[in-house]
Number of protein chains: 2
Amino acid sequence: MSGLVWITPISGLIALLVAGFTASVINKYDAGNDRMKQIAQAIQQGAMAFLSSEYKVLVIFVAVVAAIIGAVGFFADVMHPMTAVAFLFGAACSVAAGYFGMRVATQANVRTAQAATQGMPQALRVAFSGGAVMGLLVVGLGLTGVGLLYIVFGDDGVGKGIINGFALGASSIALFARVGGGIYTKAADVGADLVGKVEAGIPEDDPRNPAVIADNVGDNVGDVAGMGADLFESYVGSIIATMALAIYLTSTSDVSLVLLPLLISSVGILASIIGILIVQRSGGTNPSLSLRIGTFVSGGLTLLFTAGISLGLYNSWVYFGATVAGLLAGIIIGLLTEYYTSSDFKPVQGIAAQSQTGAATNIISGLAVGMKSTVAPILVISIAILVAYWIGENIAGEGVFCIALAAVGMLSITGMTVAVDAYGPISDNAGGIAEMAHLDPKVRKVTDALDSVGNTTAAIGKGFAIGSADLTALGLFAAYAASVKLEDVSLTDPNLVVGLFIGGMLPFLFSALTMEAVGRAAGAMVDEVRRQFKTIPGLMEGTGQPDYTRCVSISTQSALREMIVPGIMAVAVPLVIGFALGKEALGGTLAGALVTGVLMAIFMANAGGAWDNAKKFVEAGNYGGKKSEVHKATVVGDTVGDPFKDTSGPSLNILIKLMSIVSLVFAPLFI
Amino acid sequence: MSGLVWITPISGLIALLVAGFTASVINKYDAGNDRMKQIAQAIQQGAMAFLSSEYKVLVIFVAVVAAIIGAVGFFADVMHPMTAVAFLFGAACSVAAGYFGMRVATQANVRTAQAATQGMPQALRVAFSGGAVMGLLVVGLGLTGVGLLYIVFGDDGVGKGIINGFALGASSIALFARVGGGIYTKAADVGADLVGKVEAGIPEDDPRNPAVIADNVGDNVGDVAGMGADLFESYVGSIIATMALAIYLTSTSDVSLVLLPLLISSVGILASIIGILIVQRSGGTNPSLSLRIGTFVSGGLTLLFTAGISLGLYNSWVYFGATVAGLLAGIIIGLLTEYYTSSDFKPVQGIAAQSQTGAATNIISGLAVGMKSTVAPILVISIAILVAYWIGENIAGEGVFCIALAAVGMLSITGMTVAVDAYGPISDNAGGIAEMAHLDPKVRKVTDALDSVGNTTAAIGKGFAIGSADLTALGLFAAYAASVKLEDVSLTDPNLVVGLFIGGMLPFLFSALTMEAVGRAAGAMVDEVRRQFKTIPGLMEGTGQPDYTRCVSISTQSALREMIVPGIMAVAVPLVIGFALGKEALGGTLAGALVTGVLMAIFMANAGGAWDNAKKFVEAGNYGGKKSEVHKATVVGDTVGDPFKDTSGPSLNILIKLMSIVSLVFAPLFI
């Protein structure tokens with residue numbers, strides 16, 4: 001093994017050091033007055049309460065899976081028992097990233113609110129630093145983990161699938177964090193809105209609303225921890241899939257290709273750190289511009305470094321080409337998402353215009369925009385796949401490997417992407433705290449400006465998350481196919497066809513289950529808020545104290561209960577298909593789920609984002625503005641879009657990756 | 001060639017004779033008073049005006065395609081020039097079925113209204129006879145056409161792909177009839193409702209509404225002619241695909257397997273005629289029961305006859321088994337559709353309950369029901385595929401052939417299915433005529449009862465149409481794969497993967513395009529109706545005469561204009577992919593489109609049907625009944641569901657079949 005491998009954990013550790021330093025800097029900022037501290041503490045306690053409840057369920061789940069893997073490995077001799085250890089390690093790393101990242105985010109929110117009293121640049125710095133900690137934890141723990149496993153187990157760790165356990169661990173946590181978090185955040189949001197805004201007629205983020213803390217907690221558990229776990233999974237999944245393909249498919253060379261994804265990810269971390277520093281030091285008053293410059297610098301540097309690696313170490317520009325294809329595809333998909341979901345462009349404005357004839361036409365046009373928005377990203381991904389393959393196959397005979405490498409390229413700047421993404425909910429929270437603590441309206445204006453940019457970056461982040469989940473799942477799928485030696489099959493093989501149908505159907509079922517879960521959880525929240533308004537004396541007058549904790553605990557309990565069925569489905573279906581119908585059918589199932597999963601995820605995320613911004617477009621004074629009939633119509637679309645964009649859509653990323661990694665880990669049993 | 005082949009055109013001709021006789025019987029029924037005759041004439045003229053406008057566009061389209069096929073066949077030597085003749089013949093047969101079937105349907109509607117003055121049994125007989133003519137024309141012309149082509153060209157006609165031209169002709173007409181008809185019917189319906197019911201406050205089917213005739217015309221062009229052309233395409237497509245597979249894949253036997261699908265379809269026609277006679281003679285007062293008995297008798301007899309053919313002629317029960325699998329799957333999918341869309345069951349009642357919290361929850365629960373409703377049909381189809389393959393492969397080594405045969409089995413009772421399906425819109429029209437002619441309310445009560453049963457049978461028919469389109473497309477796909485000698489491919493072949501993605505995306509794009517088309521066409525209709533209300537003096541008072549023709553012509557023009565883009569897409573994409581990326585990518589595209597096309601079709605059709613009946617459930621007095629807030633919420637869902645269930649969903653059947661048949665016909669160019 002080349003000594004170069006040590007670059008990997010070292011880069012990871014650097015990221016962790018920068019994260020730790022940034023966190024300590026954030027902590028030194030002023031947390032504002034007592035009222036603010038009190039509110040912030042309630043949010044943090046709520047978030048931590050969710051995590052600790054989640055971990056209680058998680059521990060059982062992880063222990064059972066680890067025991068199964070260990071037992072199979074020990075007795076059946078087809079799986080290496082150390083896979084169980086790697087699994088536990090992967091789960092632990094993801095948990096740590098989520099736990100510490102969210103902890104810092106819930107410290108940064110109140111400090112952002114306080115910094116906003118001084119102006120935009122100060123507030124941007126705190127909010128973005130909070131996001132940066134999450135981003136650096138994700139890539140730092142991810143790369144350190146994979147790097148150490150590779151150093152300990154070597155090529156055998158890859159060839160015998162030990163390292164796959166790490167990705168499965170990450171996936172398991174992502175399932176809980178993204179699906180559970182997605183249900184939590186929308187149950188709280190819808191519950192708070194339905195009773196507070198609609199029935200009681202009090203504004204958003206009003207402290208009299210018993211669900212207001214749960215709503216703010218939801219932003220953290222859903223958009224910070226959930227999103228972080230999702231990208232942690234993609235990040236390590238893409239690296240591990242590429243390493244596996246290097247072992248299975250490629251010929252040996254001077255410097256092993258197994259090392260390549262690790263090296264690209266290492267330089268990506270360094271580039272991300274530089275990008276983060278630029279945003280932090282920018283001090284500008286245009287947050288959107290600062291974030292964009294940071295992202296482009298990270299991307300540019302990564303490409304520069306990768307060119308060096310590709311040409312210097314491997315004496316070929318092939319790997320550089322594949323990385324470019326992936327990274328460019330990721331950025332283009334993000335920009336396309338912005339086109340379909342921002343009120344600056346035609347699609348959203350069209351939905352607003354259609355809302356003039358009522359809620360039904362608002363819904364129809366939103367659904368049509370969502371469906372149409374699948375076209376361009378699918379073509380971009382397709383081109384990236386063909387280009388990466390074409391370069392790889394024709395020059396080095398390593399086409400499939402290069403497709404997986406494109407995923408690594410796309411995800412190389414994950415540190416920066418997560419930072420940009422997590423800054424949104426922190427700003428959103430800061431605005432809520434400013435409102436609840438009755439700060440000067442100009443503070444709220446600053447946080448609103450940050451939040452508005454955050455909405456755009458969140459949409460872009462969602463597009464990026466879907467695109468990367470897609471390529472990662474494809475990489476894992478290729479690794480599965482290579483590991484079970486899935487021979488060439490006939491496209492009319494009935495097992496394959498049936499697999500495609502069943503796999504294709506799963507995202508529809510998964511989406512229906514998660515949408516219904518939000519409905520039930522929100523219903524429970526509505527009941528509780530109504531009960532408090534009725535039974536707590538003086539609540540509306542501001543003299544009674546609402547029971548925030550109770551709402552937090554209802555969200556927590558419903559989220560964990562509701563994710564059991566979809567969660568079991570994601571893990572069990574590949575195993576059932578693999579055992580019952582064999583490896584070809586499982587291949588078909590993965591391919592079918594991948595195709596419709598990506599399509600449904602793009603459709604739902606973009607329709608939801610477009611509805612949201614069509615409402616905001618009307619609220620900005622178009623077609624009659626707030627309280628008009630048109631606005632009412634757009635509220636219907638926005639409400640439908642909530643579970644679309646924040647629960648069901650993002651959860652599909654987890655479904656397709658988790659199914660692939662389960663198949664890869666348990667592949668030896670299907671041969 | 002065995003003399004048995006003559007059974008095919010003879011059965012077809014018998015069906016045509018029975019159709020002709022039934023039509024003459026219908027014509028002898030009393031057409032009611034002058035007012036009724038006048039209205040009926042307006043509907044008939046409108047329907048025929050649509051057809052003749054459609055034919056003008058059609059002729060150009062068909063001529064161009066025929067010329068291309070002929071030229072390729074003549075010069076390039078890879079395609080037989082006679083394919084162009086078969087293509088024209090197929091188009092002509094489908095046009096004839098649609099033309100005469102709709103003509104009779106528009107004669108039966110007014111006679112049903114008149115017969116309803118005498119009671120339910122009389123009205124049922126006329127309405128059902130009208131549907132039966134359509135059903136018999138579809139199977140009669142379809143089987144006569146295919147049979148004659150086979151007699152003329154023999155096995156060579158199949159092997160050289162001449163006969164595929166017939167299926168392509170049927171597909172081309174289906175594209176115009178189903179997509180154009182679907183846009184027409186919803187533009188008129190939504191336009192009539194929005195201005196009439198909502199703005200002017202006049203009831204449905206009120207003669208003062210200028211769009212009322214167009215609305216009734218829409219029932220005929222969409223639900224009679226469109227549905228008929230869709231099933232005509234499936235019917236001949238499944239037979240031709242199975243014949244092709246018999247030539248490509250199976251070994252010869254005493255009685256050629258090419259003959260088998262023709263024989264099964266022949267006995268299916270005879271069984272359907274018996275079933276139709278039973279319904280006509282039933283004279284009962286429970287139309288639902290009569291229709292069900294007729295369907296089960298047809299199915300049972302078909303199986304009995306098929307058992308005879310399978311054992312008697314081929315000395316094997318294999319083919320009987322495959323037929324059973326297909327026919328059972330078709331019936332079960334129909335019943336499942338009923339479960340998800342009838343107000344007697346939980347899903348629809350759940351949507352109604354969710355509507356208590358407003359339009360947004362109505363939409364979310366409807367979408368969730370639609371998505372969930374994909375699960376069971378997909379599993380049923382999967383089981384049918386596996387069973388048919390397993391029987392065929394293990395016993396006769398003819399697995400893929402037997403999958404196609406299952407499609408033939410499912411479609412063998414198409415005569416009966418179409419009759420049951422087309423009876424619905426005839427009853428619906430009869431109710432409209434009764435309303436417009438101010439007949440005794442008890443007449444409307446009879447037609448309403450018939451119509452209500454018709455809604456259920458329409459939902460079942462839609463499920464059946466999707467299931468059969470699915471298996472037909474799969475058969476055509478298998479024929480394509482066999483004809484281009486699509487070798488076994490790796491599931492990670494990037495061309496295949498990209499094909500799957502692009503193919504999977506097409507149904508999303510197609511649905512978005514057709515939904516937007518309905519929106520625009522309905523908008524044009526709304527403007528015209530508003531204009532007439534404003535400018536024609538005395539219209540609301542009943543002294544002025546609305547300009548029905550103008551509304552009919554607006555619907556016609558918009559429908560034809562709006563179907564151009566999706567239509568070109570369906571034809572062009574397979575050719576572009578085939579030429580640009582090759583046969584593997586095209587195989588992936590067909591598979592991807594098949595999977596998501598079926599899923600989206602089921603999702604959209606069932607969500608639409610469920611929303612419709614949730615509204616009716618509330619109107620029946622639940623949750624506050626008509627004019628309540630809950631009712632308003634259900635109206636939103638119903639309006640969203642209209643293009644879902646009557647335009648976009650059914651059009652997807654055409655998309656997947658047309659793409660497959662285009663690929664099959666032009667396959668020689670991609671080798």
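Trainee: How many residues of chain B are in contact with chain A?
Mentor: In this predicted model, 63 residues of chain B are in contact with 63 residues of chain A.

Trainee: And what area do chain B and chain A bury between them?
Mentor: The two chains bury about 5,500 Å² between them, and 87% of that lies on carbon and sulfur atoms.

Trainee: How many salt bridges does the rule find across that interface?
Mentor: Across the interface of chain B and chain A the rule finds two salt bridges, and one salt bridge between the chains is made by the side chains of Lys372(A) and Glu516(B), at 2.9 Å from N to O. For polar contacts, the rule finds four residue pairs across the interface, with both residues at pLDDT 80 or more.

Trainee: Which elements give two or more residues to the side of chain B that touches chain A?
Mentor: They are helices of chain B, namely H11 (359–372), H12 (375–396), H13 (399–411), H15 (441–483), H16 (494–535), H19 (583–619) and H20 (629–666). The largest share, 17 residues, comes from H16(B).

Trainee: How do the residues on that side divide into nonpolar, polar and charged?
Mentor: On the side of chain B that touches chain A, 48 residues are nonpolar, 11 are polar and four are charged.

Trainee: Changing topic, how many salt bridges are there over all chains?
Mentor: The structure holds 46 salt bridges over all chains. One of them joins Arg444(A) to Asp205(A), with the closest N and O atoms 3.5 Å apart. This pair links distant parts of the chain, 239 residues apart, since Arg444(A) sits in helix H15 of chain A while Asp205(A) sits in the loop between helix H5 (164–200) and helix H6 (212–249).

Trainee: Is Asp205(A) buried or exposed?
Mentor: Asp205(A) counts as buried because its relative accessibility is 10%, whereas Arg444(A), at 23%, counts as partly exposed.

Trainee: What else forms a salt bridge with Arg444(A)?
Mentor: Asp448(A) does, with the closest N and O atoms 3.1 Å apart. Both residues lie in helix H15 of chain A, four residues apart, which is about one turn of the helix, and Asp448(A) is partly exposed at 36% relative accessibility.

Trainee: Over in chain B, what does Glu528(B) form a salt bridge with?
Mentor: Its partner is Arg531(B), and the closest N and O atoms are 2.9 Å apart. Glu528(B) and Arg531(B) are three residues apart in helix H16 of chain B, so about one helical turn separates them. Glu528(B) is buried, with a relative accessible area of 4%, while Arg531(B) is partly exposed, with 36%.

Technical notes: Residues numbered from 1 in each chain as written. Chains lettered and ligands numbered in written order. Predicted model: local features only at pLDDT ≥ 70, side-chain atom pairs only at ≥ 80, totals over all residues. Heavy atoms only, no water. Contact = heavy atoms within 4.5 Å. Buried area = accessible area lost by both parts, 1.4 Å probe. Salt bridge = Lys/Arg side-chain N within 4 Å of Asp/Glu carboxyl O. Polar contact = N/O pair within 3.5 Å; in protein donor to acceptor, adjacent residues only side chain to side chain. Nonpolar A, V, L, I, M, F, W, Y, C, P; charged D, E, K, R; others polar. Buried < 20%, exposed > 50% of the residue type's maximum accessible area, 1.4 Å probe, protein only.
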